[in-house]
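I opened the notebook to record a few look-ups on one structure. The entries follow in the order I made them.

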Amino acid sequence: MLRKLLLAGILVLVPWAAHAASGSAVTSGGFRFGVSLSPNQFAFGGQLAIREFAPDWSFHPSLELGVGDNQTVIQPNFDAYYRLHLQGTTWQPYVGAGIGLAFISEDRPFPEARHDETDVGLNAVFGFDVPTTSGSQWFTELRLGLGDIPNLKIMGGFNFRM
């Protein structure tokens, strides 16, 4: 399990390192938490935001750990978000999509052995950011998983400006 967590962390950090080496920098990073349905879990983790690789587009690699429902899920996500613009408000809605890997470890009662598997799926993301006066931001999002990854997540969190 520790090896899978390390692998997932490396997979999330490689795109950031490549982007940083090109002269651009990560603009924010922070923590995330929420709930998942199918499997029913509490999920938490962290993310980075690499802004404006194209107008209104940003890259958001994240790593989530889900616990509960007799399973542990480690899921790195590689999502791109498109920012929508609303007049008269500082809230920023976004839509996004990306690839998610799910390293799933299922606990089974004795004498059965633990079951591990790795699945790949697509993410569809709908959310919004609420900026603070310091330039950091709160966010909330709805994540739909297509394929053999968790089907639905409701996540929230905070991004610190870097």
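Which residue in β6 is the bridge partner of P93? I looked it up and found F128. I note at the start that the model is predicted.

**Strand pairing**

I then went through the sheet around that pair. Strand β5 covers residues 92–106 and strand β6 covers residues 115–131. I found 15 bridges joining β5 to β6, and the two strands run antiparallel.

On to β4, residues 71–83: I found 11 bridges joining β4 to β5, again with an antiparallel run.

Next I took β3, residues 57–68, which pairs with β4 in the antiparallel sense over 12 bridges. Here I looked up H60, whose bridge partner in β4 is D79.

I then asked how many strands close into the barrel, and in what order. I got 8 strands, in the order β1-β2-β3-β4-β5-β6-β7-β8, with antiparallel pairing. From one strand to the next, the twist averages 25°.

As a reminder to myself, strands of a sheet pair through backbone hydrogen bonds, either parallel or antiparallel.

**Aromatic rings**

I searched the whole structure for aromatic pairs and got 9. I followed up the pair F31 and F160: the ring centres are 6.3 Å apart and the planes are at 50°, so I logged the pair as tilted.

F31 has 35% relative accessibility and counts as partly exposed. F160, at 42%, counts as partly exposed too. I noted that F31 and F160 belong to one aromatic cluster, which F33, W138 and F158 complete.

**K153**

My last entry concerns K153, which is found in strand β8. Is K153 buried or exposed? I found a relative accessible area of 5%, so K153 is buried, as the cut-off for buried is under 20%.

I then asked what the side chain of K153 meets, and found a polar contact of 2.3 Å with the side chain of E64. Leaving out residues up to four places away in sequence, I listed what K153 touches: V35, S36, E64, Q75, E141, L142 and R143.

How values were computed: Residues are numbered from 1 along each chain as its sequence is written. This is a predicted model: local features need pLDDT of at least 70, side-chain atom pairs count only at pLDDT 80 or more; totals for chains, interfaces and linings use all residues. Side-chain values use heavy atoms; hydrogens and water are left out. Two strands pair if DSSP finds at least two bridges between them. Helices (H or I, at least four residues) and strands (E, at least two) are DSSP runs, numbered from the N terminus. Rings of Phe, Tyr and Trp (its six-membered ring) pair if their centres lie within 6.5 Å; planes under 30 degrees apart count as stacked, over 60 as edge-to-face and the rest as tilted. Buried means under 20% relative accessible area, exposed over 50%, partly exposed in between (1.4 Å probe, protein chains only). Axes are lines fitted to C-alpha atoms, for helices over the stretch in contact, and angles run from 0 to 180 degrees between N-to-C directions. A polar contact is a pair of N or O atoms within 3.5 Å; within protein, one must be able to donate a hydrogen and the other to accept it, and residues adjacent in sequence count only if both atoms are side-chain atoms. Contact means heavy atoms within 4.5 Å.
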